[in-house]
Amino acid sequence: MNLKVRGSNLPGNNTAEQNSVRLQVYLARCGVASRRACETYIADGRVTVNGNTVTVPGTKVSAGSDIVCVDGVPVYPEASHRYVLLNKPAGYVCSLADEKGRLTAADLLAPFFSERLYNVGRLDMFSSGLVLFTNDGDFAARVAHPSSEMEKEYIVETTRPLPAEVAVRFTKGIRVDNVFYRCKSAEQLTPRRMRIVLIEGKNREIRRVFEFFGLGIRRLTRVRIGPLDINGLEEGKFRELSQKEVEMLLDMCVHKQRGEYGNSY
């Protein structure tokens, strides 16, 4: 369906059209979810604009002219933005809601924020460590985009001693079940502990590679996202980012996209 922005066809009135944005961007700015998740909301028929169900991402809307609802509830752009770093314990899923009724990482933040915060990137249910949350769709899109090349550092503890070849082969690149995995760096710390740095971070990448070598993982913890490290933040606890940290993350994304930033943070 082609949605006309209300008021945009009036003679001499181009304000609404000039201020229009794609529907998934608008929803992300309302703190509904990340842009990618909002595209799923739209495709699933959960979003209406001026009373009409819209299932096509990219439909243009205007905050000043259109009434947008998700599951029948009107949504509006957030008045203020939040940027939160959570140390997620194992056992929590990175999702705003879980169809299986499991605890979500967002549940840990809900009592402390009136805004609806969503995760930027994911950690699987059995992993612990750092996850970013925000209600700023533009920030989430830039930080999560592959072109940002944002480093994520993990500490992996295994159930048995690590063969020396794991670090070497993972760094050079390895194909598992027809999927190619390669980390930026891997360093063995002890016979059963390894530090791994990823950039792209495919789904369950570390677990799949270690399973290939017959290694069970006792504990997997993300200890750094770009310049943000765990730095004594206890499991289940969170802190809000400073304005300087937010600007640093965004600046790194810009420089990476332009090819101007170095290989290390």
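Colleague: How many residues does the protein chain have, and what share counts as buried?

Modeller: The protein chain has 265 residues, and 45% of them count as buried. Buried means under 20% relative accessible area, exposed means over 50%, and partly exposed lies in between, with a 1.4 Å probe and protein chains only. Keep in mind that this is a predicted model: local features need pLDDT of at least 70, side-chain atom pairs count only at pLDDT 80 or more, and totals for chains, interfaces and linings use all residues. Residues are numbered from 1 along each chain as its sequence is written, and side-chain values use heavy atoms, with hydrogens and water left out.

Colleague: Why is Cys-30 called buried?

Modeller: Its relative accessibility is 7%. The cut-off is under 20%, so Cys-30 counts as buried. Cys-183 has 4% relative accessibility, so Cys-183 counts as buried too.

Colleague: Why is Ala-141 called partly exposed?

Modeller: Ala-141 has a relative accessible area of 24%.

Colleague: Where is Ala-141 found?

Modeller: Ala-141 is found in helix H5, residues 137-144. A helix here is a DSSP run of H or I with at least four residues, a strand is a run of E with at least two, and both are numbered from the N terminus. The protein chain comes to 8 helices and 17 strands.

Colleague: How do you know how many disulfides there are?

Modeller: A disulfide is a pair of cysteine sulfur atoms within 2.5 Å. By this rule the count is 0. Take Cys-30: the nearest cysteine sulfur is that of Cys-38, 8.5 Å away. The rule asks for a pair within 2.5 Å, so Cys-30 is in no disulfide.

Colleague: What makes E10 and E14 a pair?

Modeller: Two strands pair if DSSP finds at least two bridges between them. Strand E10 (residues 152-158) and strand E14 (residues 193-198) are joined by 6 bridges, so they pair. They run antiparallel. Glu-153 stands opposite Val-197 in E14.

Colleague: How many bridges link E13 and E14?

Modeller: Strand E13 (residues 185-190) and E14 pair over 5 bridges, in the antiparallel sense. Ala-186 stands opposite Ile-196 in E14. A hairpin joins E13 to E14 through 2 residues.

Colleague: What share of contacts joins residues at least 24 apart?

Modeller: Contact means heavy atoms within 4.5 Å. Among contacts between residues at least 6 apart in sequence, 66% join residues at least 24 apart.
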